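Let us walk through this structure step by step. Keep the sequence and the 3D view side by side.

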Amino acid sequence: MTSLAQKLSGIVGDAFEAQGLDRAFGRVTVSDRADLAQFQCNGAMAASKAAKKNPREVAGGIVEILQKNTVFSKVEIAGPGFINLNVTDAFLAGHIQETGADDRAGVPDLGHNETVVLDYGGPNIAKAMHVGHLRAAIIGDAVRRIMKFAGYNTLGDVHMGDWGTHMGMLIYNYIARNETAVVENTDLSDQKSIDDLMEDMAERYPRSAAAAKEDKHLMELAQAATVKLQNKEEPYYSLWEKIRKVSVKGMEKNYTALGVHFDLWKGEADVHDYIAPMVDDLRAKNFAVESDGAWIVPVAQNDDKKEMPPLILYKRDGAVMYGTTDMATIVERVKLYNPAKMVYVVDQRQSLHFEQVFRAVRKGGIVRDDVELTHAGFGTMNGPDGKPFKTRAGGVMRLDDLITMAQERARARMDEAHVGEGMSADEKADIAHKVAIAAIKFADLQNARVADYVFDLDRLTSFEGKTGPYLLYQAVRIKSLLKKAEYDGKPPAFSLQDVDRPLALLLTELPDAVESALKNYAPHHLCEYAYRLAQGFSSFYGNCHILSETDVVLRNSRLALCALTNAQLELVLGLLGIQVPERM
RNA sequence: GCGCCCGUAGCUCAACUGGAUAGAGCACCUGCCUUCUAAGCAGGGGGUUACAGGUUCGAUUCCUGUCGGGCGCGCCA
């Protein structure tokens, strides 16, 4: 099954082929001009260029063929050679009937169970998660959900930063101050105890980092501690293990609150043992060479338009760089999962780094040529002043503070509208949470991935207009309506009138939206569709009164339209990582 | 200096491999809750798509240049 536009593309493509032209010219899209037609095909103009013919003449030949086809109620040429198309209500009704019966909502299997590993985490352990982690998590998780729905075997990896100098610095601080008990006494089964250590580290780390920056000797001691840790010396390693376990709990709490899922909770430390053999292999193949006392992989190519610095495997002092661990991570992923794709949802500013890593692993024969390596970069999050976002205190806003703030606003809105009355405290909290997360996620996801965007707290926690809560609200209205109507879910024959048609047409577009989002790693295409669908429903809802409809056939048809709308809305929101409450 | 990304309404953002009259939300103005949840609906004003050329039947989209903003360029991650 596919979208209606794709079905029509097949039919129009046949017509082009019958005229001796490439069937790709038959591509049909939803019309830009709803006042003129439902669908359009622009291929006649492109085809005429290739065939050196008059575009209206080419279009004429196509139209003549299409007019014989009974799925169309209108076929006409407009302007320089647009082919405008309307389908019959019977065909449209049949199509949405099929869509409703299909548990994939018409989306074909595009992934064929190929494995894809996705990176969209990357927080450092022992640090508080902040809003800088938001975009990767939200976009990456949406991409994962979309790919999974499209038929891929997806593996999201949190890939935390757990093996760098920051760990040596922190652990050295505990040891030097004789305060290792703070770590050792933390009870992993007690959330309060976990939170306490997280707070301690969140406060301790920046303090020790600042001190090390001031004092060269201190920095050397921290770096020495890092080496000891990486050699798994005691007590460094035990302290590190405990810190990592606690940090994972803290991260899980944040990601769970956001509704962001990871299949793998791996970190840089997990690939430590892959590094030495990998570098030995690269040396043996002469891809790794010594330069200025460091070991590097030159990745520059003759056709480079810019300077391409080499990837550094070992620094002069023998320590590894993050390019090294990224390469080793790829070694591990190939070995354990043999993925067809690896997708990195990471800040756009790291594009050079990923280019180096990708070139190095290809050159070194670590990944096959047919494995796709993609850096799906996203733009920087700026404050309203256009500069990277900072709170008034100068720091970055913590993730849990943002979520709490949004929840409080949701609760206030509920009280204002008197929707919480008679609900249990649990249900109220659940709704406030779903509304808050919907607001935050949709505000972020609706932006194009690559563009920088402004982090505006008011926008993230606003519930009116083009927002997540608006979408939830429409879905909730449908649920309430279906409940009141005691709708049984039996698929009736659709009876489409002028009020119904725009909504019915919208319901045919979902597979196109999913494919577009998938192909470009662009969840915002799905946001756009969800919003148009919700708007289409809201308009429909205002234009006809369903419960008082006396024509039984029409009433059932409209209820079925509502049910299908709700199903698609929940499906698309689910792909964006947004959950719909029962009422709000 | 070299390279990448960006510049669209007062603000925040869309526009699918070039298509018809460049769309939304917020803000502003006008209506609509005695029948399905007003977190809503209907309507209005608001644009030289930074600027100048070029390719094309057709350019926000592709090419060149200028201006403006962000970011990155071997031993941090």
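In which sense do strands E5 and E6 pair, and over how many bridges? Strand E5 covers residues 115-119. E5 pairs with E6 in the parallel sense, over five bridges. Pick out one of these pairs: Val-117 has Leu-155, in E6, as its bridge partner. Bear in mind that this is a predicted model.

Now widen the view. E5 and E6 belong to an open sheet of four strands. The order is E6-E5-E10-E11, and the pairing is parallel. Look at the two edges. Strand E6 (153-157) stands at one of them and strand E11 (372-375) at the other. Each has a single partner strand, so one side of each is left without a neighbour in the sheet. Neighbouring strands here are turned by 15° against each other on average, direction ignored.

A helix joins the picture. Helix H13, residues 351-363, packs on the sheet. H13 touches strand E10 (341-344) and E11. The direction of H13 makes about 165° with that of E11.

Next, turn to a pair of helices. Helix H1 spans residues 4-18, and helix H4 spans residues 89-101. Their axes come within 11 Å and cross at roughly 125°.

Which residues make the contact? H1 supplies Leu-4, Lys-7 and Leu-8. H4 supplies Phe-91, Leu-92, His-95 and Glu-98. By class, the contact of H1 with H4 has four nonpolar, one polar and two charged residues.

Conventions:
Residues numbered from 1 in each chain as written. Chains lettered and ligands numbered in written order. Predicted model: local features only at pLDDT ≥ 70, side-chain atom pairs only at ≥ 80, totals over all residues. Heavy atoms only, no water. Pairing = 2+ DSSP bridges. Axes fitted to C-alpha atoms, helices over the stretch in contact; angles between N-to-C directions. Contact = heavy atoms within 4.5 Å. Nonpolar A, V, L, I, M, F, W, Y, C, P; charged D, E, K, R; others polar.
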